[in-house]
Amino acid sequence: MRLFVAIELPGAVRAAIGRLRDELAALDPAGRVRWVRDDRLHCTVKFLGELEPARLEPLAAALREASARAVGCTVRSGPVGALPSLARPRVIYTALEPREPLARIAEAIDRAAARCGIERERRPFVPHVTLGRLREGRRRRARAGSGLPAALEQRVAAAPVPRHAPFAVTELALIESEL
C-alpha cells in the first residue's frame, strides 16, 4: 500500500478552493495541467511510501500518538503559487497559513514515522493544497518558459487567495494513495 498522512479539508473549505481551482482551470483550455478533483483536495503532511500491511499497525499507533499532541491549530488558505517556482512549475497550489503550527505538525509526524523505520523528510515542509500538476510532457517541452498558458501564469503570479473562514485542524488522516 502507498500511504500518506494528510489534513483533510472541511466541505466549505474544499468548495472554496475548488472554485478557485476551476477559475484557474478555465485559463488552461489545452489541458496542460492535470487538475485535482474536489474529493482529492487535501494537505499532505507526510508521504510514507509503499508499506507492507504488517508495518501498518505500529505505524498507525505512532501516528495517532503524534497527531494527538500536534493538532489543534486554526489555519486558512494563503495565496496561490507554484512549486518549485513559477518559472519551472510542477505543481500549482494554494498555501495554508500560518506555516509554523503546520510545520510543527509535520515535524511530529516525521519523527513518529522515523521511529517506525520510514526515512525522514529532507525538504522543508511547505503547507499547501495541490490544485494541479503540470503534465510531464509539458514540463519537458517548457525549457524556455513555464509551460503554462500566459493567462494562467499571470493569474498564478497575481497570487489569488481562496475565500473561506479559517478552520481548525482537529485530526490527521492516514490515506492510501491512488495512482
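Me: How many disulfides does a search of the whole structure find, and what makes a cysteine pair count as one?
Reply: The search of this predicted model finds 0 disulfides. A pair counts when its sulfur atoms lie within 2.5 Å.

Me: How do you know that Cys-73 is in no disulfide?
Reply: The nearest cysteine sulfur belongs to Cys-43, and it is 9.8 Å away. The cut-off is 2.5 Å. Therefore Cys-73 and Cys-43 do not form a disulfide.

Me: Why is Cys-73 called buried?
Reply: Its relative accessible area is 11%. Buried means under 20%, so Cys-73 qualifies.

Me: What is Cys-116 called, and why?
Reply: Cys-116 has a relative accessible area of 23%. Buried needs under 20% and exposed needs over 50%. The value falls in between, so Cys-116 is partly exposed.

Me: Which strands make the open sheet, and in what order?
Reply: The open sheet has 3 strands, in the order S3-S1-S8, with antiparallel pairing. The twist averages 30 degrees from one strand to the next.

Me: What makes S3 and S8 edge strands?
Reply: Each pairs on one side only.

Me: How do you know that S1 pairs with S3?
Reply: Pairing takes at least two bridges. S1 (residues 2-8) and S3 (residues 42-50) have 7 bridges, in the antiparallel sense. So they pair.

Me: What makes S1 mostly covered?
Reply: The count does: 5 of its 7 residues are buried.

Me: Which residues have the most contacts inside the largest nonpolar core?
Reply: They are Leu-24, Leu-48, Ile-92, Leu-102 and Val-169, in a core of 44 residues. Helix H3 (residues 99-115) gives the largest share, 8 residues.

Me: Which residues is Leu-48 in contact with, beyond its neighbours within four places in sequence?
Reply: Leu-48 is in contact with Leu-3, Phe-4, Val-5, Leu-59, Leu-63, Ala-113, Ile-118 and Leu-174.

Me: Is Lys-46 buried or exposed, and why?
Reply: Lys-46, in strand S3, has a relative accessible area of 4%. The limit for buried is under 20%, so Lys-46 is buried.

Me: What makes the pairing of Lys-46 and Asp-110 a polar contact?
Reply: Their side chains come to 2.8 Å. The distance limit is 3.5 Å, so the pair falls within it. Beyond its sequence neighbours within four places, Lys-46 also contacts residues including Phe-4, Ile-109 and Glu-119.

Me: Why is Thr-94 called buried?
Reply: Thr-94 has 0% relative accessibility. Under 20% is buried, so the label holds. Thr-94 is found in strand S5 (residues 91-97).

Me: What does the side chain of Thr-94 reach?
Reply: It reaches the backbone oxygen of Gly-78, at 2.8 Å. Among the residues Thr-94 touches are Ile-17, Pro-79, His-128 and Pro-162.

Me: Why is Asp-39 called exposed?
Reply: Asp-39 has 52% relative accessibility. Exposed means over 50%, so Asp-39 counts as exposed. Asp-39 is found in the loop between strand S2 (33-35) and S3. Its side chain makes a polar contact with that of Arg-37, at 2.9 Å.

Me: Is Phe-125 buried or exposed, and where does it lie?
Reply: Phe-125 lies in the loop between H3 and strand S6 (128-134). Its relative accessible area is 16%. That is under 20%, so Phe-125 is buried.

Me: How far apart are Phe-125 and Val-45?
Reply: They are 80 residues apart in sequence and 8.0 Å apart in space, C-alpha to C-alpha.

Terms used. Residues are numbered from 1 along each chain as its sequence is written. This is a predicted model: local features need pLDDT of at least 70, side-chain atom pairs count only at pLDDT 80 or more; totals for chains, interfaces and linings use all residues. Side-chain values use heavy atoms; hydrogens and water are left out. Helices (H or I, at least four residues) and strands (E, at least two) are DSSP runs, numbered from the N terminus. Buried means under 20% relative accessible area, exposed over 50%, partly exposed in between (1.4 Å probe, protein chains only). A polar contact is a pair of N or O atoms within 3.5 Å; within protein, one must be able to donate a hydrogen and the other to accept it, and residues adjacent in sequence count only if both atoms are side-chain atoms. Contact means heavy atoms within 4.5 Å. A nonpolar core is a set of buried Ala, Val, Leu, Ile, Met, Phe, Trp, Tyr and Cys residues joined through side-chain atoms within 4.5 Å. Axes are lines fitted to C-alpha atoms, for helices over the stretch in contact, and angles run from 0 to 180 degrees between N-to-C directions.
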